[in-house]
Amino acid sequence: MKTKFSGILTLLLAFVVQITFAQEKTISGTVSDQSGLPLPGATVLVKGTSSGTSTDFDGKYSISASQGSTLVVSFVGYTSKEVVVGTSSTINIALQESAEALEEVVVTALGISRDKKSLGYATQEIEGSELTTVKNGNFLNSISGKASGVQIKRNNNIGGSTNIVIRGNASMTGSNQALFVIDGVPINNINTNSAGQAQATGGFYDYGNAASDIDPENIESMNILKGAAASALYGARAANGVIMITTKKGKKAKGFGVTINSGATIGSIDKSTFAKYQDQYGAGYGPYYGPNEDDYWYIEDVTGDGNDDQVVVYTEDASYGAAFDPNLLVYQWDSFDPDSPNYRTATPWVNAKNGPITFFETPLTLTNSITLDKATDDGSFRLNYSKFDQTGLLPNSSIRKDNFSINGNYKFNDKLTASGYANYIKTNGKGRNSTGYNDNIVGMFKQWFQTNVDIKQQKEAYFSTGRNITWNPATSEAGSAPIFWDNPYWTRYENYETDARNRFVGNATLNYEFNDWLNVTGRVATDTYTEIQEERRANGSVPGDFGITRGSADSGYGRKNFDVSETNYDLMFNFDKDLSEKLNLKGIAGVNIRRNVFKSIYVSTAGGLSVPKLYSLQNSKDPIPLPEETDQISGVDGIYASASFGYDNMLFLDATIRRDRSSTLPKGNSVFIYPSVASSFVFTKLVNQDWLTFGKFRINYAEVGNDAPFDFLYDTYVVNIPPGAPSTSVSNTKKNANLKPERTKSFEIGLDMKFIKNRIGFDFAYYKNTSVDQIFGVPISRGTGYTSKVLNAGEIENYGVELSLFGSPIKTTDFNWNVNVNWTKNENTVLSLAEGIENLQLGSFQGGVTINARVGQAYGVIQGTDFTYSDNGEKIVDATSGEYIKTSTSDNVIGDTNPDWLMGISNTFSYKNLSISFLIDIQQGGSIFSLDQYYGQATGLYAETAFINDLGNPVRNSLADGGGFINPGVNPNGTANTTRIRADRFGAFGYRRGLPNAAFVYDASYVKLRELAITYNLPEKFLSKISLVGASISLTGSNLWIISKNLPHADPESGLSSGNLQGYSTGSLPTTRDLGLNVKLQF
Amino acid sequence: MKKLIILILAVIVASCSDNIEDMNVNTKDPAKVPGESLFTGAQKNLVDLVVDLNVNINNTKLWSQYLQETTYTDESNYDQTTRPIPDNHWSILYKDVLKDLDESGKIIAATTYTTIELNALKPNKAAIIEILNVYAYSLLVETFGDVPYTEALDIDNLLPKYDDGLTVYKDLITRLTTAINLLDTSEGSFGDADKIYGGDVTLWKKFAASLKLRMGILLSDVDNATAKQAVESAVTSGVFTSNSDNAGFTYLSADPNTNPIYDNLVLSGRFDFVAAETIVDMMNLLGDYRRPFYFLPTSDGTYKGGTIGSSSSYSTFSHVAPIFETPTFPGILFDYAEVEFLLAEAAARNFVVGGTAKEHYDLGIKASFDFWGAPNYSAYIAQLNVDYDILIATSTAITPWKEVIGNQKWLALYNRGLEAWTSIRLLDYPLMATPTDAVSGFPNRYTYPIVEQTLNGTNWTTASNAIGGDVPETKLFWDKF
């Protein structure tokens, strides 16, 4: 591969050299504004050719042109100017600031470009470069902090999914994820993770969401349509907001049009997001062992000499055992293994030299891409190949992506233009981390571990034998099976998953212009992929829930195949006519036909594998269980129209209407119609003040309908794996053949103002959305024989405020400072569910907590057991045990997963060719339940479980020895608690002894230095010497510093995956500080 | 050019389906199934629940102090909320047993079979479904007290009210009597779809009568007249007379159709349970010959049980005997030994069941010894600490027979947690140890499911008040003493 690549480079260089030989006259000069201030970055083109350049930081340019040709000079916000080349070789050009200085053009629904000032709704743009400068495994993560109204929740899973919610959760059980649209065509963003993954059941993986397949290098810009009014033309699926992506097209520019991008990123663990262990006590749950059940050791003869030995309690996955003592020699796990140097040898009882943090590797990400692009007056062409290569924190984990895209258009004649886009993406994942409670190595490290276990020794034990020699065997016999946990290296190198996705995204478009005010566009677009996910478990592993039956098995193999596609057919008439000098009318009328197919099959072995480590279905020990199949076809036929009136570029009025007919609703209810109206008023047209550059007020109202998920109408039965005779069951959910469409009503007002020649400005929005008649499985008493019934019910309200501020405190020729602030506050309330139903459990989790939609509360409250409180609000403590008395009920609201507000602050400083930017990302409020703390504090792993108590003694001493501690609070009789609680056995600090779930709910606030980038653009003088058009080098960092957080030993951001269940943390990978170096070369 | 546009339009219009709604068909799951397959599913779900040792599903072998948890001792300490055991018990019985039986019955009633012979089986099938309905409901009443009954299983009533437990229980006995009378032993029934009796109607009739006997006995402290009538008519009808009458579900060797205990103990690879001190101590005292069939001795050859509620090292204590770790070990829903002990109770209560309390007591012990293959039955019943008459004479209990029968019945009900728990509650013997870290008093019932509190709050409140409070210690209506 490397040789081939340099071959291409040589070829390209040869071309470049040839071009520079074409002899023409060199024109140079300065481009400035009317006051003489140089304009860096202005474009200078030779009209009718493809040669062009841009001015440097002093406004200077130099270009080859022949006498008589015309130079076209343009700059954003200024009127373009044409100058004919005469005899002089110096041409200085002054540009006039455009009357339409704020002619920001943005891409709106259906890919229609509109003047931003004419829009009656909120949109926010993100430039492609903002997503690519600081490279990230998943570009969706790069949106965080860069737009208001958008909540991005990433996790640390390799190749994992990102939760993107715009303006709050509005759907009870359906997707609340934003819709992704590329060049006007919706693409798929589902994740195919199992339901068990979302509820933190162990043994599942996060396969990422599909939108992350998009190569950020291909993104020209991203526009976020936040409200229903902005997205109403997309119909049903746009109720959650839309992220519109415009891809890069071939450009007219000087040079050959080749861009090479190369980046490398390496990560190092942010230690504040991993466990900080106590280092004084080792394995055990307390003094429970030995013949009298009062010892910290097993008393067994492991040496075979007939004498009893003191043996570490190898079966126990906790660190509540004996205090370390380097002079004490005991038999540890490595003394049981004949291949170990310590076989039958006692070793000192000490804290491990190499703790769990040494298990992690250094993640490395390489991103390389090459782009060829070119444009002429008749068309443009762009070809891109990107390679993404990432290794993860855990051993043997990697994600590889190959991304090919081609994008072109050609003008056949004055009227007909054809364009097309084709993108092929191949993704290969290996060794993704298991998420959730069981079967998760990080969960083991954070919840169930022995601090005396040396990870390096575990590594040697696995690599020298290839066997599962674990610290946690069931017995002390050589070759014993593990009891709860495998050797972590065995897990990584034997029980890994692999996955592969082959995806094609493309469209073919024809545009025909009838005349200068009417054109028609026809487009066929498809997004289709196949995916395979293969899961393995090697013989000799800890038995875990595996495969279709989720039965316990020490080994197994399972595969899931997916075949997913979405096809859209569009025909759209577009007109734009000035009705009078001041009155303009724009309109659209169109048809959209959408078809979605989702097919999957899941097959797995059962009962283990017959031939060890042969991962094949026919190697199943028991008969193969019935596979799980799905075959879902759905579609929507829609027609829509919009009209936009503009009066004197000052007052605008938009109205849209769409009628959908959906396949998933019953006949008679399948057609639904919904409108939107939006208006904007550019009041600065009337107020003439120097300090006020621009001011716009906007207001809109929209309704969006939504259909049901596939197969919500008719009952079917569940087929069981036959217990010797055919066996079936009634489904848990009662379907409903009388559904009608859901509806979201949305209202928004906004104010957009800019001052002092755009030096400072803001965009403010207030919105309120109400979603009614939601379609979901309403939970009902199991006394009905069902768990839920599909109904049109429930109402959720979201209202909030978004504020974006920008300013340029310093703007000089050489030095600029720009600031952007995005602030978001969303309030969410579940107004009703169904008649008589007060609570909808969205998910239930290990530890006994649930995430719920509860009437009168925000969507996504955490419920569980709570402390009990006296009338004075003090916690009540049992006078005998010294333990807190917790509630007997577990439906107490103990947290709200919604943040109070979000803020992103970015600063960019540029001096000549050097720029430095950084982004601070803040979340205030929100709750997260930590299963790590719930268990890990109980098992005595953390530093907080071994301290000197108020009496000056180690807290883990027995009460007789002055140990223990006093829980602050009052006894049931109201007197202050003075009873000391035992802390010499597991549980005192964790889940077991009186502490309710509420004790493990933390504030999820954080302040992070999210991104830092230092970019140097090589000066043109230097570039011309090496035949380059542009070159830049950047040093970047992401997540460099968590400035503040309240969740101990983990990152409050790292949830399980994308979806409606957020606010639960278990065994998440630590966060890495990523440092990157990127080089970009343009020929 | 216009032709091109027309072409595009034509393609789009053509692909616009008139019957787009017809796509919304689940082609992978059946919309219709034979009623018999639902019966098979319901039967397995019921037996799985009764047999299970999973701490999320059924804790009664811990509460009956046959077994004890090793490290994670929450359930041994009567915790029934950390893991939603009552929720699962309730949900499985209503949703996975009663609903499927209900649907099965409706489909079979509506089915016209291909032959006259097959159609003739319908009444027997309906009666057997009814018997399992009664069994499932009786479990609900025995574990919770008042439960939804008259308004249950109605999808148009999302929040059913709870009915009085005693009224329900009496109605169940009436339904059971009707079902017994409907059974026609000259015809077959479910055949292979019945994994308990292979469709043998005679055995089902014995099963139903035995169930009626048990239900009658349960009411004897609260409504002696009804109890006597039910017990005596059950005996007349014909209860189990040998271990070959036992209702045992046939499990297979492959997951998920193995005995659930095999999954809990073997497939899981975990070592969560050891023998409990309460039973091991009693068996040691009696020198009980069933010990090696119930438990594995420890390394020194003795039988040792873990202290209730304390951490118990797996290697220090006795474990269950290997027979329980067999995947195909039958799931016992009802057995002959229990019937004999019930008859002993009936005789002790002066019901006319033929034979004396001692005779049935001895037969109960014999049935148990026979079932496990234990030797020395005769020697055993002759022991001073086993002999019925001697024990009655020496017992210090208020009602001596409750202690004498209760203890031996409990020993015979090993591996049958739910029945044992019910027997302990009714007879108040044997005495249970107080767990070290007990979170409640001895559980006299399951607390209502948390989802009922949150979903069906009004009806839950009414029912909680009616039974005397939704707490584990509340004694149910039949548990008067």
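Contact here means heavy atoms within 4.5 Å. I am working from a predicted model.

**Entry 1: E748(A)**

I looked up E748(A) and found it in strand β41 of chain A. Is it buried or exposed? E748(A) has a relative accessible area of 1%. The cut-off for buried is under 20%, so E748(A) counts as buried.

Next I listed its contacts, leaving aside neighbours within four places in sequence. Among them are Y121(A), G227(A), R698(A), I699(A), N700(A), A765(A), Y766(A) and Y767(A). A122(A) and R167(A) are also in contact with E748(A). I checked the polar side of these two. The E748(A) side chain reaches the backbone nitrogen of A122(A) at 3.0 Å. It also makes a polar contact with the side chain of R167(A), at 3.2 Å.

**Entry 2: the partners of β41(A)**

Which strands pair with β41(A)? I found β37(A), residues 692-706, antiparallel to β41(A), residues 742-755, over 14 bridges. In that pair, N706(A) has E742(A) as its bridge partner. I also found β42(A), residues 760-779, antiparallel to β41(A) over 13 bridges. There K754(A) is bridged to G761(A).

I then followed the hairpin of β41(A) and β42(A), which has 4 residues between the strands. In this hairpin I756(A) takes a positive phi near 40 degrees.

**Entry 3**

I turned to an open sheet of 3 strands in chain A, with the order β54-β51-β57 and mixed pairing. β54 (1001-1003) and β57 (1064-1065) stand at its edges with a single partner strand each, so one side of each has no neighbour in the sheet. I counted 3 bridges between β51(A), residues 927-930, and β54(A), which run antiparallel. F929(A) stands opposite V1001(A) in β54(A).

Methods: Residues are numbered from 1 along each chain as its sequence is written. Chains are lettered from A and ligands numbered from 1 in the order in which they are written. This is a predicted model: local features need pLDDT of at least 70, side-chain atom pairs count only at pLDDT 80 or more; totals for chains, interfaces and linings use all residues. Side-chain values use heavy atoms; hydrogens and water are left out. Two strands pair if DSSP finds at least two bridges between them. Helices (H or I, at least four residues) and strands (E, at least two) are DSSP runs, numbered from the N terminus. Buried means under 20% relative accessible area, exposed over 50%, partly exposed in between (1.4 Å probe, protein chains only). A polar contact is a pair of N or O atoms within 3.5 Å; within protein, one must be able to donate a hydrogen and the other to accept it, and residues adjacent in sequence count only if both atoms are side-chain atoms.
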